[in-house]
Amino acid sequence: MILDNKIVLKQNHSYHETHTSEIDKLKLVETCRKRAAETDTETLRQIFDEETRNSSTAVSEAVSYVDIQSSMYKRRRLQ
């Protein structure tokens, strides 16, 4: 709605009620990637499983191993 030549939003334009869930999801993904780069002894699946066990249920359900497997592998390969 335009009021006095200014756009006024009446509702949020984001799909998330808060951005904390998205931020927590990105933190989980980044943690998995960092551990993959630092640790050669654990498999990528073991790293992912351990990190999702340590995070909240909502965040761990929002991230799948298949989605981040290739980025974890790339981080490990670059080290």
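Trainee: How many salt bridges does the structure hold?
Mentor: This is a predicted model, in which local features need pLDDT of at least 70 and side-chain atom pairs count only at pLDDT 80 or more, while totals for chains, interfaces and linings use all residues. Residues are numbered from 1 along each chain as its sequence is written, and side-chain values use heavy atoms, with hydrogens and water left out. A salt bridge here is a side-chain nitrogen of Lys or Arg within 4 Å of a carboxyl oxygen of Asp or Glu. The number of salt bridges in the structure is 6.

Trainee: In what order do the elements of the protein chain run from the N terminus?
Mentor: Helices (H or I, at least four residues) and strands (E, at least two) are DSSP runs, numbered from the N terminus. The protein chain has 4 helices and 2 strands. Their order from the N terminus is β-β-α-α-α-α.

Trainee: What percentage of the residues of the protein chain count as buried?
Mentor: Buried means under 20% relative accessible area, exposed over 50%, and partly exposed in between, with a 1.4 Å probe and protein chains only. Accessible areas come from the Shrake-Rupley method with a 1.4 Å probe, and for residues only the protein chains shown count as cover. The protein chain exposes about 6400 Å², of which carbon and sulfur atoms supply 50%. Of its 79 residues, the buried share is 27%.

Trainee: At what angle do helix α1 and helix α4 pack?
Mentor: Axes are lines fitted to C-alpha atoms, for helices over the stretch in contact, and angles run from 0 to 180 degrees between N-to-C directions. Helix α1 covers residues 20-38 and helix α4 covers residues 65-78. With their axes 7 Å apart, the two pack at an angle of about 35°.

Trainee: Is the crossing of α1 and α4 left-handed or right-handed?
Mentor: A crossing is left-handed if the near helix is turned anticlockwise from the far one by less than a right angle, and right-handed if clockwise. By that rule, the way α1 passes α4 is right-handed.

Trainee: How do the residues of the contact of α1 with α4 divide into nonpolar, polar and charged?
Mentor: Contact means heavy atoms within 4.5 Å. From α1 come V29, E30, C32, R33, K34, A36 and A37, and from α4 come I68, S71, M72, R75 and R76. Ala, Val, Leu, Ile, Met, Phe, Trp, Tyr, Cys and Pro count as nonpolar, Asp, Glu, Lys and Arg as charged, and the others, Gly among them, as polar. The division is 6 nonpolar, 1 polar and 5 charged.

Trainee: Which residue forms a salt bridge with E30?
Mentor: The closest N and O atoms of the pair are 3.2 Å apart. The pair links distant parts of the chain, helix α1 and helix α4, 45 residues apart. The partner is R75.

Trainee: Is R35, which meets E50 in a salt bridge, buried or exposed?
Mentor: The N to O distance of this salt bridge is 3.4 Å. E50 is in helix α2 (residues 44-54) and R35 in helix α1, 15 residues apart. E50 counts as partly exposed, because its relative accessibility is 30%. With a relative accessible area of 15%, R35 is buried.

Trainee: How many residues apart are D49 and R45?
Mentor: Their side chains meet in a salt bridge (3.4 Å, N to O). D49 is partly exposed at 25% relative accessibility, and R45 is partly exposed at 40%. Both lie in helix α2, about one turn of the helix from each other, and the separation is 4 residues.

Trainee: Which residues does F48 touch, not counting those up to four places away in sequence?
Mentor: F48 is placed in helix α2 and counts as buried at 6% relative accessibility. The C-alpha atoms of F48 and Q69, 21 residues apart along the chain, are separated by 8.7 Å. The residues touched by F48 are C32, V63, S64, Y65, I68 and M72.
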